[in-house]
Amino acid sequence: MQKNTKQKKPTSYPNYKRMENDNKKLSFIERMKQRAVSQEPYSGKAEDFSPGTNHSTCPNCGAGRAKQDGLTHCAYCGHTFINTTLSDGHYIKGSDNSTI
Amino acid sequence: MSQNNPLFEPIHGISLFDYSAANAKLANGVAVDTICAALGVEIPVWEDASQGWTQRMQEDSDFIVITQMGTYFAQAGEHPKLGGLQAAGGAGNAANLQRLASDRYFYEELCGARTAAYEAGMDGAQWIQTNYGISLGDFQEVAMQWMQLQSSLSDEEILEYTNYMDAKRQEYARKFADENGGNIADDVDF
Amino acid sequence: MGLFNRGQSQDDKLQTETIKSELAALESRLDNFLAKLNDRVDLLIAGFIAEAPAIMATDDRFGQAYYRFSSGIKGQATNMREKVREVLETQIEPAYSRYSDMLSAGTDAYRLVHDWRHRCAEKANDWEDQLQNRMDAATEQVERKDYEPIFRDMVEQYMQQCKYVHCTQCGDNLQIAQVYYHSAYVNCPSCNTQNIFEPGVIARDLEQNARKLAEQRSKHFMDAHEQKRAEEEDLYQQMHTLQLKMSFQELQAKSGPLYTQLLALNKQRVAAEDEIPVQLDKYYRNIFDELNGLLPDLKEHHEKFFISLQNNYQRHDSKRSINL
C-alpha cells in the first residue's frame, strides 16, 4: 500500500499579501509626512531671531535721540520721525510726543 | 459705529481702518517697514498700536470692533495711504483677482480648493498663490466683500453656494489625493 | 381565517422572510465595511502618533509643518466619514425607501424595515463618534506639553540673551530688566539715547505661552465643569428612563413611589446643573489670576478681557426647563 507522499505545507508561512498591504498603507503616512514637511508655507518658514538694538538716529542730521526730547521730532533739526500724535499705549505714552 | 465710542479711539494716531488695511497688506507680503513709512510712523509705534487694537478686540464683549475690522478689511484697497501698496513680488494676477471678486462661483470654487489643500496636508494659501497668483490678503479682502452681501441672499441661494463649494472641495480632494498616491482607505469598498 | 385574525398570511410571511434576508445581507456588508475602515483608522492614528513628534521637533516657531501634517491626517478621517455617508445614502436609504413605501405601517415587516434602518444609522453614528473620539484623543496626546518648564526656560533664555544687548550710540549694556512683547524704544542708562529694541522671538511668543500655562494650571476647574455637565446629563437620562416606566395616571397624580424617585433625581440634577456655570467661572477667573502672576504688567488688560469673556459665556448659560 502506497503511503500518502503528498508533502505537507509548512505551518507558518508569513502572510506576504497582508504585509504588502500594510506596507502600502504605512507608506501612506510616509507620503503624507513628506508632503507636509516639504511644503513651502505661505509666508515662508518663520525665522528665529534674538534680541538686539537698531539705530534710531536722525537721518537728517545724524543726532541721537534722548528720552526727554520725545519720540516724534528731532530736537536738533526738527526732522519728523513720527507723523502722528502718540497716545497712551503700552510702552509708548502721550508724554512721548515731542514738544516742538 | 459711534464716533464717541472709546473702543474706536485711534491708538498713536493709527485708526481701526489704518490697522485693518495694514493687516490686509501685510497678508499680501508687503513689508512692515513699507506700512510704517506709508502711515508716517516707526515700527515700535506700529507694534504698540497693533497690540492695543488686538487688546481692544479681546475687551469688546459685543464684537463691534472685530465686525468693523472685517468691514474695513474689505475696503483695504480704498485706504488713502495703504490702498495702492503692493508686495515686492508684484500685484499678482489681476484678472484672477477681478474674477474672484465678481464671480461668486469662482470664489466658492477656490474656497473649496483651499480647504481641500489643507485637508490634504498642503498650505492652502500658498496653493492659491502658486496656481492663481492671488495673495492671501487679497483673497481675504474679497472674502469679506462677499460676506458683506450675505445678509441680502435668500436661504436657497446660501444653500446653493454652500453645496457648490462642498462639491468643489470634494473634487479637489480627489485631485490632491491622486497626486500623492491616494487616500488611506481608497481600496475599502462596501 | 376570521374577522379577528390579526396573524400574517402565508404570502406575508414569505415576503417578510425575503426582506429580512436581503436586509440582513446589507447589514452584514455594512458591518464588514466599518470593520475594514477601522483597520485603516488604526493605521492612520498609529502613524500620526509615531511621526508627529519628529515633525514638531524640527518645526518653525509657528508649528506650520505639524499643522499641515495633522490637517492631512484629519482630512483622511473626513474622507472615511464621507465614504460611510455615501454608503448610507446609496445602499441603505434606497432599500429602506423601497420597502417602507410598499409595506403597510403597523405590520411586522414594516417594523422590521424601520428597525433595520435605525440600527444601520446607529452603527454609522457610533462609528463616527468613535472615530472623532479617537482622533481627539490622539491629537491631545501628540500636542500635550508641560508649559511650566517651557515658560520658565523662555524667560530665562530671554534674560540671558538680553545680557548681550548694547546701546547703538555708546556701546554700553542696555540693562534690559523686563520682557518686551514687541519692539520698543528703550533708553540707555549710560548715555540716555533712545534705542529701538527688538526683543526677539522668545519674548514675542511669551504671552501666548503664558496663556497656555495659565490654562494648564486651571485645568482642574475645567475638568470639574465637564464632570458636572456629564453628571447632569446622566441624571436627566435617568429621569427620562424613569418617566417612560410611569403610567399616565402616576404622572398626572404627581404622587407615588416612582414620582418620589423622580423628584429626588431632579433635585440631584439641579444641584449638578447649578454647579456647571460656577465651575466655568472659576476656570476663567483662575486663568486670569495666573496670567496676572505671570505677566503682571498686563493686569489692566487681563481684567477687561476677563469681564468680556464672562459676559459672553454667561450669555450662553441656560437651564433645562423640566415640567414635573
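**Exercise 1. Salt bridges**

Over all chains, the rule gives a count of 41 salt bridges, a salt bridge being a side-chain nitrogen of Lys or Arg within 4 Å of a carboxyl oxygen of Asp or Glu. The model is predicted: local features need pLDDT of at least 70, side-chain atom pairs count only at pLDDT 80 or more, and totals for chains, interfaces and linings use all residues. Residues are numbered from 1 along each chain as its sequence is written, chains are lettered from A and ligands numbered from 1 in the order in which they are written, and side-chain values use heavy atoms, with hydrogens and water left out.

*Task.* Describe the salt bridge of A:Arg65 and B:Glu42 and state where each partner lies.

*Solution.* 
Step 1. The side chains of A:Arg65 and B:Glu42 are joined by a salt bridge with an N to O distance of 2.8 Å.
Step 2. This pair crosses between chains: A:Arg65 belongs to the segment after β1 of chain A, whereas B:Glu42 belongs to the loop between α2 (32–39) and α3 (43–59) of chain B. Helices (H or I, at least four residues) and strands (E, at least two) are DSSP runs, numbered from the N terminus.
Step 3. Both A:Arg65 and B:Glu42 are buried; buried means under 20% relative accessible area, exposed over 50% and partly exposed in between (1.4 Å probe, protein chains only).

*Solution.* 
Step 1. Helix α6 (residues 104–119) of chain B holds both B:Glu108 and B:Arg104, which are four residues apart, about one turn of the helix.
Step 2. B:Glu108 has 6% relative accessibility and therefore counts as buried. B:Arg104, with a relative accessible area of 8%, is buried.
Step 3. C:Asp317 is partly exposed at a relative accessible area of 39%, and C:Lys319 is partly exposed at 42%.
Step 4. Elsewhere in chain C, salt bridges that share partners connect C:Glu232, C:Glu233, C:Arg269, C:Glu273 and C:Arg320 in one network.

**Exercise 2. Chain A and its partners**

*Task.* Characterise chain A, then its interfaces with chain B and chain C.

*Solution.* 
Step 1. Chain A has one helix and one strand. Of its 100 residues, 30% are buried.
Step 2. Among the contacts in chain A with a separation of 6 or more, 25% are between residues 24 or more positions apart; contact means heavy atoms within 4.5 Å.
Step 3. Toward chain B, 23 residues from chain A meet 32 residues from chain B. The two chains bury about 2,200 Å² between them, 50% of it on carbon and sulfur atoms; buried area is the accessible area (1.4 Å probe) that two parts lose on being put together, summed over both.
Step 4. Two salt bridges are found across the interface of chain A and chain B.
Step 5. Between chain A and chain B, 16 residue pairs are in polar contact (both at pLDDT 80 or more). A polar contact is a pair of N or O atoms within 3.5 Å; within protein, one must be able to donate a hydrogen and the other to accept it, and residues adjacent in sequence count only if both atoms are side-chain atoms.
Step 6. Toward chain C, 33 residues of chain A are in contact with 47 residues of chain C. Chain A and chain C bury about 3,400 Å² between them, 64% of it on carbon and sulfur atoms.
Step 7. One salt bridge is counted between chain A and chain C: C:Glu51 pairs with A:Lys33, the closest N and O atoms being 3.0 Å apart.
Step 8. Polar contact links 13 residue pairs between chain A and chain C (both at pLDDT 80 or more). On the side of chain A that touches chain C, the elements giving two or more residues are α1 (16–38) and β1 (52–54) of chain A. The largest share, seven residues, comes from α1(A).
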